[in-house]
Amino acid sequence: MARPAARRVGLARIDRFRAVAVQGLVLAGVIALAAWFVGNTLDNLAQRGIASGFGFLGSTAGFSIIVHLIDYSELSSYGRAFVVGLLNTLLVSAAGIVLASLLGLLVGVARLSDNWLVARLATVYVETFRNLPLLLQIFFWYFAVLSAMPQPRQSHSLFGLIFLNNRGLYVPKPLVTADLWLVAAALAGGIILAACAWRWRRRRGGTARWEGAAALALAFGPAAAVAALAGPVTGWAVPALRGFSFEGGMVLIPEFVGLVLGLSFYTGAYIAENVRSGILAVDKGQREAAQALGLSRGRTLRHVILPQAMRVIVPPLTSHYLGLTKNSSLAAAIGYPDLVSVFAGTVLNQTGQAVEVIAITMAVYLAISLAIAGAMNLYNRRVVRIGESR
Amino acid sequence: MERRIGLVAAMAWAREKLFSTPANAALTVGSLALLYWCVPPALDWMIFSADFAGESRADCTGEGACWVFVKARLGQFLYGFYPEGERWRVDLAFALLVAACLPLAWPRFPAKGKIAALLLLAYPPVAILLFHGGAGLAVVETARWGGLFLTLVIAGVGIVASFPIGVALALGRRSPLPVVKALCVAFIELVRGVPLITVLFMASVMLPLFLPEGVSFDKLLRALVGIALFYAAYMAEVVRGGLQAVPRTQYEAAESLGYGYWQTMRLVVLPQALRHVIPGIVGIFIALFKDTTLVLIIGLFDLLGIVQAAVSDPQWIGYNVEGYVFAGLGFWIFCFALSRFSQFLEGRLAHTGRRARRTTKERQMATLDAPLQVD
């Protein structure tokens, strides 16, 4: 009998035969279950007369999408609708990540403020937004705040440039000529150049204050020069009221604004806690040493506390960014045309290709998750390395 | 005299905490301005100018909030479309649950393990009988369940069902068997990489395809399966953290006693690991509680779903803020209380941890005292 022998050698060396047998059984069970699912699915699909495969991606979509970063019309294919949805997801996630990070940093620092009132207000913000469901917050912003905005004629305006009404947020739009790519190229080149120069100086030890300004000039100078010489930006189209609606400028639809506000306020509360615990993790002696050197509070924070806190902050920050990206799928609830809403919603309903559509959607989120996790790990490794080499 | 000392102390406190530097003073003034701008109008809207009395929309004067709306729909917000004559069953089931849970939340209550086992084994059939009906009680289809009741059912079933699956996945992820380990890692990472919405879509659209023709089960049950599997992956990661915190020597000690794998896990590793992850599990419960709102996307009416349906009612158009404030308050109270409970447990764990290191005797006591035991 194998059992007493296995017991004697214990956990570390479960006997070989049993290990193979158990794994074989598990694998056989999983394969059988999968085969059963696949068989049933094929039967069901055949019954409903749905052809499986990805051929449907080429057929005409026949529905319009209100926000599209690339050319799209009702005559475009389902595949193109997929790309439009994906880009909208990325757009809303990027906007949310930037806003949530700023908000989180601000509130995280505010929670540790010496100012009693500021610290309390920050705590109230965190405890309120963290303990409310995100979907409720999105509904609140979208249905209660943005839908209650006035008609275009009575818009709220900021300096006569930015207007908020029940049709969305109107902002000025740069008027560009075809030479815009030159500026983009100059900007990319400048940033790469500046990054290289900065690294080189840092390796040589020490980056003086003026060098920071020099690096910024190096990064943005070329683009500014090209912009000034080639003149690709001929002016700004400021939104203006014409009849019953605004013309000119760029409009951010209420669905987008509501979703970004909901995502940023919700995730911002988590990031604030993250920042706070990161700052608290920095040894008290570091702050005292910085103060003994006569650094001001702001410079202490920027040069001493935050660089060390980043090591603690980054790993959970990654999962907050991932969470925000995944949560952007709540767009489906208010009708912002993101990936889930367009693809797993409209396209799935029109084609009935449930398996393919859900599989593609999941694969996209998985890929985004892995990409963000990978990028953050890379950064994290760098932060940790710098920390250790000190 | 007393008053003056109090005043002086208050002035000194204010000077130190609010006006220590010009920048600090500016921040204080800015915050006060923000408060002045937000709080009085909000209070005025919510309380002083609000309408509380009345039955219908005609009783809303339009100055402040109209809580008449919430009052008129309260039954729906709490029970969904559950028949009014049968709502006592829901109340009774929750009363039973609270009565059984109170001793468990009590730090030193005797025979916790037995109560917990009884709760886990005996409560679900009783609750299902009361909620769904049968055996003399009128049957209430799950399509009529809703409101806070449905939110609590989804959150409760979700956490209870995801716990054993999560523990199994966590053990599998640390298993010495490569096939088991690979399957568990693949499942956990796959699920954690996708949003809950896609899992719910999958449960509502694809699960019927996976099953043989003619076999179909309840929409609520499908959502529950999706939620339980989704949260099991997160649970597994939390439990894994606890497993990693158990020192190697514990495994070696179990081995030296001649324990096999299951005995080691059941008697030595899991009791220690799970004690450490209770705050993490409460954290998952909070996330799950908030995420129950997503079921409205697949057409179930949880608390938020029923409020959203009510504010879309033409009869009550324009009162959505009241509805959201009510739903928000409901969610907030639960989540805030749970997060405080989690902090309390964390503090207690740290305390017992310190104490347990002191003597073996006390460590045994602490283990016996564990609020959660898996057997």
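This is a predicted model: local features need pLDDT of at least 70, side-chain atom pairs count only at pLDDT 80 or more; totals for chains, interfaces and linings use all residues.

Begin by selecting chains A and B together and displaying where they touch: the contact draws 54 residues from chain A and 49 residues from chain B. On the side of chain A that touches chain B, the elements giving two or more residues include α1 (2–9), α2 (16–48), α4 (116–130) and α13 (354–389) of chain A. Colour α2(A) separately, as this helix gives the most to that side, with 12 residues. If you then colour the side of chain A that touches chain B by class, you will find 36 nonpolar, 12 polar and 6 charged residues.

Next, select helix α3 (residues 78–111) of chain A together with α12(A), whose axes come within 7 Å of each other and cross at roughly 155°. Because of that angle, which is over 145 degrees, α3(A) counts as roughly antiparallel to α12(A). To see the contact itself, show residues of α3(A), among them A:Tyr78, A:Phe82 and A:Leu86, where they meet residues of α12(A) that include A:Leu339, A:Phe343 and A:Val347. The residues of this contact divide into 9 nonpolar, 3 polar and no charged.

Finally, select α5(A), and ask where its kink is centred. The kink, of about 25°, is centred on A:Phe140, a residue that is itself buried. Helix α5(A) is mostly covered, with 11 of its 13 residues buried, including A:Gln137, A:Trp141, A:Tyr142 and A:Leu146.

Notes: Residues are numbered from 1 along each chain as its sequence is written. Chains are lettered from A and ligands numbered from 1 in the order in which they are written. Two residues are in contact if their C-beta atoms, placed from the backbone, lie within 7 Å. Helices (H or I, at least four residues) and strands (E, at least two) are DSSP runs, numbered from the N terminus. Ala, Val, Leu, Ile, Met, Phe, Trp, Tyr, Cys and Pro count as nonpolar, Asp, Glu, Lys and Arg as charged, and the others, Gly among them, as polar. Axes are lines fitted to C-alpha atoms, for helices over the stretch in contact, and angles run from 0 to 180 degrees between N-to-C directions. Angles under 35 degrees count as roughly parallel, over 145 as roughly antiparallel, 65 to 115 as roughly perpendicular and the rest as oblique. The bend at a residue is the angle between axes fitted to the seven residues ending there and the seven starting there. A residue is buried if 20 or more other C-beta atoms lie within 10 Å of its own, exposed if 12 or fewer, and partly exposed in between; C-beta atoms are placed from the backbone.
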